[in-house]
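We'll walk through it topic by topic.

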Amino acid sequence: MSGPVPTVTALGDIYTQQALADQTVRWNNLLDKFQALYGSPAQFVSRSPGRVNIIGEHIDYSLYSVLPMGMTPDVILAVSTDLEPSQDGTYKVKIANVDNERFPTREFDLPYSDVEIDATIHEWTNYFKSGLRGALQLLRKKYGADFKPKSMEVLMDGTVPAGGGLSSSAAFVSASALAVMIANGEREVDKKALTEVAIVSERAVGVNSGGMDQSASVFSERGSALLVSFTPSLSARPVYFPKTNPELCFMVAQSFVTSNKQETGPIHYNLRVVECSMTAAYLNAKLCPKGTELPKDAGPLGVSIRGFHQNYFKDTQKSMPEQLNELIELTKSTLTQEQGYTLEEVASGIGISVEDVKARFMSSFPVRGEYFKLRQRALHVFTEALRVLQFLALLEDPAQAPDSEHTIEYNNKLGKLLNETQDSCRELYECSCPEIDELCKIAREAGSYGSRLTGAGWGGCSVHLVPADKVDDIKKALLEKYYSKRQLSPKDLEEAIVASRPMNGSAVFQLKDGRI
């Protein structure tokens, strides 16, 4: 599925017919504001969407396959290079947001040498800067260390809710990196290269990103989910849902509990990455032959549970589901401490000093924790990786395909796997919250086949696999039993629930005289 990011000249190449009217108004508003703000028209628009993860939660950074899909909500950046730097040895970036009250306009004179990002400050333009930094690394690799980037004027509009679990940060970073590449003369931008740059770039703002979000934002195709795999290297392929009766639809419902990965990382997202990396080293030391090194890989801290998995089953003939079932049992018998492991116990299990544990696992990103719950995290990762394979088999294995006019039993099998993911996220990975649990309960009672959190968790969004003919009933139940009890603005209520089918990924829209 690699190849260049598409360049388009019509909004119909990006959005569905149902979305076109609203999107045309929105894009024209962006381009009018760009002209008013900068005094000249934009040259192109860079676009990357948010995503909803159907199944495979919190396992991408352990390098197991996941199944997301692109959505209509997106980040669009109108761009021009029609300005000059104000001093020698620098280039200028002017960046503004359509919502300038929440996201104030910034102007930077940046040295050619590097792009500095202070990840300790929660500043919206850091996401653009991280995309800029990553794109420049690619450009310098291609054109040499002396490559001098062009100055840019940028106006952003984003409809992916920040902290909502639909990966607004990955959409912003991916769109930013793409914008920088196009602004600096690249006629074609390879999807795989853009995704890899976006994955590494987002880590510059203090998030131990795994790679699913960026892959979905860049690679997604209308009408299909996306199987994203990370070993032996990053790859993605479309996965299609069979025809069912009732027809299936995905609903995304916001909890309005905001979870900012950058701000809460030390006790939530980043801590889970650290716990999974520790788990990989611990199981590798306990279960693999003495002296077996944990391989360096694409995990955020350079190692992953998948690396241990591959060590343990080095020459096996067993199928992947058989391997994962065996690892689940091994985890139960090896990691026996339900309360978690202290730093000293982790160090002892791996066979290194506490200082080495801190240097290896806790120096890249700030984390806080007394006990590290290796058992629960490993059980979630292995059982969730297995659920992804089971879900995929239901979609693609002819022996499991729906074969009758009514496919309610088949639909329920898919939904059951989503419900099991939610149970695991709540009990083993501890990344749910009471509000998400409540949304899932209400939706299931109103007819959802399966409901769970999606995204980082600790708030954000829930995703529901629902019969298309029950969408209105489920919406009504959520509005009456959840949203009516919260102080929400009309705009929030309007955006609270989105019924979605899979949408296209990143694109570049070439403008004519600043117009679509």
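Here is a briefing on salt bridges, a helix, strand pairing, nonpolar cores and some backbone details.

Keep in mind that this is a predicted model. It holds 28 salt bridges, and its largest nonpolar core takes in 148 residues.

**Salt bridges**

- Let's start with a pair that reaches across the sequence: Arg 515 and Asp 32 join their side chains in a salt bridge, with N and O 2.9 Å apart. Arg 515 sits in the segment after β13 (507-510) and Asp 32 in helix α1 (residues 17-38), so this pair ties together parts that are 483 residues apart in sequence.
- How accessible are the two partners? Arg 515 is partly exposed, at a relative accessible area of 35%, and Asp 32 is partly exposed too, at 43%.
- Next up, Lys 142 makes a salt bridge with Glu 186, and their closest N and O atoms are 2.7 Å apart. Lys 142 belongs to helix α2 (residues 125-143), while Glu 186 is in the loop between α3 (168-183) and α4 (191-202), so the bridge ties together parts that are 44 residues apart in sequence.
- Is Glu 186 buried or exposed? Glu 186 is buried, with a relative accessible area of 7%, whereas Lys 142 is exposed at 53%.
- Lys 441 and Glu 445 also meet through their side chains, at 3.0 Å from N to O. They are four residues apart in helix α14 (residues 434-445), so about one helical turn separates them. Both Lys 441 and Glu 445 are exposed.
- Some salt bridges share partners: Arg 272, Glu 275, Lys 373, Arg 377 and Glu 430 are joined into one network that way.

**Helix α4**

- At the start of α4, Asp 190 points a side-chain oxygen to within 3.1 Å of the backbone nitrogen of Lys 192.
- Several α4 residues are buried, including Leu 194, Val 197, Ile 199 and Glu 202.

**Strands pairing with β13**

- Strand β1 (residues 7-8) runs parallel to β13, and the two pair over two bridges. Here Val 8 has Phe 509 of β13 as its bridge partner.
- Strand β2 (residues 44-55) pairs with β13 in the antiparallel sense, over four bridges. Arg 47 has Ala 507 of β13 as its bridge partner.

**Nonpolar cores**

- Which residues touch the most other members of the largest core? They are Leu 77, Phe 128, Met 278, Phe 361 and Phe 382.
- Helix α12 (residues 374-396) supplies the largest share of this core, with twelve residues.
- Take a closer look at Phe 361: leaving aside neighbours within four places in sequence, Phe 361 is in contact with Val 274, Ser 277, Met 278, Ala 281, Leu 301, Val 303 and Ile 350.
- Another core, of 22 residues, lies apart from the largest one, and its members include Tyr 15, Phe 34, Ala 78 and Ala 507.

- Phe 365 is in the loop between α11 (354-361) and α12. Phe 365 is buried, with a relative accessible area of 11%.
- The C-alpha atoms of Phe 365 and Leu 395 are 38 Å from each other, and the two residues are 30 residues apart along the chain.

**Backbone details**

- The peptide bond from Thr 231 to Pro 232 is cis, with omega near 0°. Pro 232 is in the loop between β7 (225-229) and β8 (235-239).
- The peptide bond from Asn 245 to Pro 246 is cis as well, with omega near 10°. Look for Pro 246 in the loop between β8 and β9 (248-254).
- Glu 430 is not a glycine, yet its phi is positive, near 50°. Glu 430 lies in the loop between α13 (408-427) and α14, and is partly exposed at 30% relative accessible area.
- Asp 513 has a positive phi too, near 55°. Asp 513 is in the segment after β13 and counts as exposed, at 72% relative accessibility.

Terms used: Residues are numbered from 1 along each chain as its sequence is written. This is a predicted model: local features need pLDDT of at least 70, side-chain atom pairs count only at pLDDT 80 or more; totals for chains, interfaces and linings use all residues. Side-chain values use heavy atoms; hydrogens and water are left out. A salt bridge is a side-chain nitrogen of Lys or Arg within 4 Å of a carboxyl oxygen of Asp or Glu. Buried means under 20% relative accessible area, exposed over 50%, partly exposed in between (1.4 Å probe, protein chains only). A polar contact is a pair of N or O atoms within 3.5 Å; within protein, one must be able to donate a hydrogen and the other to accept it, and residues adjacent in sequence count only if both atoms are side-chain atoms. Two strands pair if DSSP finds at least two bridges between them. A nonpolar core is a set of buried Ala, Val, Leu, Ile, Met, Phe, Trp, Tyr and Cys residues joined through side-chain atoms within 4.5 Å. Contact means heavy atoms within 4.5 Å.
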